[in-house]
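Have the structure open and follow along.

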Amino acid sequence: MIDIYLDNFFSFFDRGGAVLYVVFFIALCLWALLIERYMYISFEYKQYRKNMMDEIQNNSYNARFKEEIKKYLIEESNLKLKTGLSFIKTLIIVCPLVGLLGTVTGMIEVFDVMAISGASNVKSMANGVSMATIPTMAGMVVALSGILFEKKLELSIKYNTDRLYLEISKVL
Amino acid sequence: MKLVVGLLLSVYSLFALNLETLLGSVEASSKQEIVQESKRLQEFIDNKQKQKQLLIQTKEALKRENQITKELKVVIEKNEKILAKKEAELAVKVGDLGEMFGSVRQTSSDFLTNYKRAFTASQFPQKEAIFDKFSDSKKLPTIEELTLFWHTMLDEIVQSGKVSQYPAQVVMQSGEKVEQTVTRVGQFAAFSDGNFLQYSSDIDALVELSTQPASSFQGGAEDFEQSSDEVLNVLVDPTRGTLFEMLGNNPTIMDRINQGGIIGYIILLLGGLGIAFAGYKMVMLNILDKAIKKQLKDVTKYSVDNPLGKIASVFYNNLKDSITDLEIKIGEAILKETNHIKKGQSFVKLLAAVTPLLGLLGTVTGMIATFQAITLFGTGDPKLMAGGISTALITTVLGLVTAIPLLFAYTYIASKSEEMVSILEEQSIGMLAKNLKQND
């Protein structure tokens, strides 16, 4: 059963050409980064927040610079949350572009075939056409799937930052 | 005579002619002539009898010849009859064999056209003469010749299924003719020293392909030449050279770039500029980042060789001021530093945005060229349109290929500088203040 799916998978890549591998690589990077961010927010960040709150409660800071210190702490945690987010965004932007690249290289293939064997042989062009369409579709799918979770991630970062602000304000 | 008279006349006319002397001499000469004529006439009359005799002789000869002709005609008729009989006999005897000779000629000329294009022709050039003889000959071939014919054909079939090594004339790319050891794989490929060859029937020699297949295939061919009985993979052309020929038509990357035209060059130029600038910016930001990170470890021991250190020095030197004064002073220092960090960042972004647009421009100009070709020549020849279309597609590819790395570079630069600016702008005062308390 798995063999059949695996076979389909590889023939899909064969038809998509080299650009499809690039799309696949981008998709892997994108999802690895997204998963890493979610893991960070749900596990490591909680630990970090707890440590910070402990430190604030145990220390007494110069009252003159209370606002500044609060700003510093929030900014620092925000920066930690946002690490890699812009890279994720870029990957999402690049995905359709790579798909477009696939379209164009596929069309070049089609026209090469046309120049050699004439316009009458439609079957021989099919290879180029599938090379043009499959990466485009794959690029779109990857970008759309990424955009959904990226927006959710942004929201959760904003929520976490706001919550931290409130919590620090209570103590400091 | 007339000439003499003329001459005399002219001589006399030159020297105030004496007409009378002239008249005298003319009369004298005409008299002489009359005497001669009468003599000739006498001669004719004398000869008349002789002439008659000659005529009789000649008539007799003619009669004899006519007699001979008649006799010979009878012989010819007889011979012709015999010939017709013999021919009929031959036709009966040849029977179906006549057809066979026709098909021998046909087969051998067909075989010759194939053989002329085949790699085996380079190994056995003498075979061509044999087939040539059969296809041209008007004579009936003998049994021996017929046997030779089908033996040669059979030999050709056997040879075309073999992998063999033999010395042959090879025309190099430089044009010189060299004798080299050639390895031939059936009718599908031939190579020597890893270079793939093609058989040219025009010059009866193997010619080095002007565009060789990828170097990995050439290496494979070289291994194949040196091995004896191992099983090895080697590149062959099942279409007997057509695909190898097409290899020469296949555009290289340089050809492709040239197809992009002037817009393609502009895109590449901008792309190169953008990548170079982004690289410079990345190195610079990393150096600054390292200095700031080093300073972050301990802000109390500040040094003024990095942005954070400079801000720290302003902070510590003006600690006694009121909070607003201090903030203004620090703000000034921060502005100077962040400006330095952010500089040039938008240039990379601009280039990343402009190159796909230029690609689009190229697409449109290429399509315009294509449609011009269509209005001039119609859609009959796809090759006429191909020029414009390839410009259109290549510029798009170039635009995308330069834009994608530029986008990544911009992301890197932007996030790095954003991080640093955030450290300087938002965090620096708080960080310094936090440490201040602990020091007290």
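## The largest pocket

By class, 20 nonpolar, 11 polar and 14 charged residues make up the lining of the largest pocket. Here Ala, Val, Leu, Ile, Met, Phe, Trp, Tyr, Cys and Pro count as nonpolar, Asp, Glu, Lys and Arg as charged, and the others, Gly among them, as polar. This is a predicted model, where local features need pLDDT of at least 70 and side-chain atom pairs count only at pLDDT 80 or more, while totals for chains, interfaces and linings use all residues. Residues are numbered from 1 along each chain as its sequence is written, chains are lettered from A and ligands numbered from 1 in the order in which they are written, and side-chain values use heavy atoms, with hydrogens and water left out.

The largest pocket has a volume of about 1,200 Å³. Of its 45 lining residues, Leu79(A), Thr83(A), Ser415(B), Glu418(B) and Glu419(B) are the closest to the centre. A pocket, on a 1 Å grid over the protein atoms alone, is an open set of points where a 1.4 Å probe fits, with protein on both sides within 12 Å along at least five of seven lines; lining residues have an atom within 4 Å of a point. Which helix gives the largest share of the lining of the largest pocket? That's α14(B), with 20 residues. Helices (H or I, at least four residues) and strands (E, at least two) are DSSP runs, numbered from the N terminus.

## The second largest pocket

About 750 Å³ of space lies in the second largest pocket. Its lining has 30 residues, and Asp112(A), Ile116(A), Asn249(B), Asn250(B) and Pro251(B) lie nearest the centre. The largest share, 8 residues, comes from α4(A).

Why does the second largest pocket lie between domain 2 (164–245) and domain 3 (261–439) of chain B? Because both domains give residues to its lining. The domain bounds come from an automatic or database domain assignment.

β3(B) runs antiparallel to β2(B), joined by 3 bridges, and pairs with β4(B) in the antiparallel sense over 2 bridges; two strands pair if DSSP finds at least two bridges between them. Phe191(B) stands opposite Thr183(B), and its bridge partner in β4(B) is Phe196(B).

How values were computed
Points joined across faces, edges and corners; volume = space filled by probe spheres on them.
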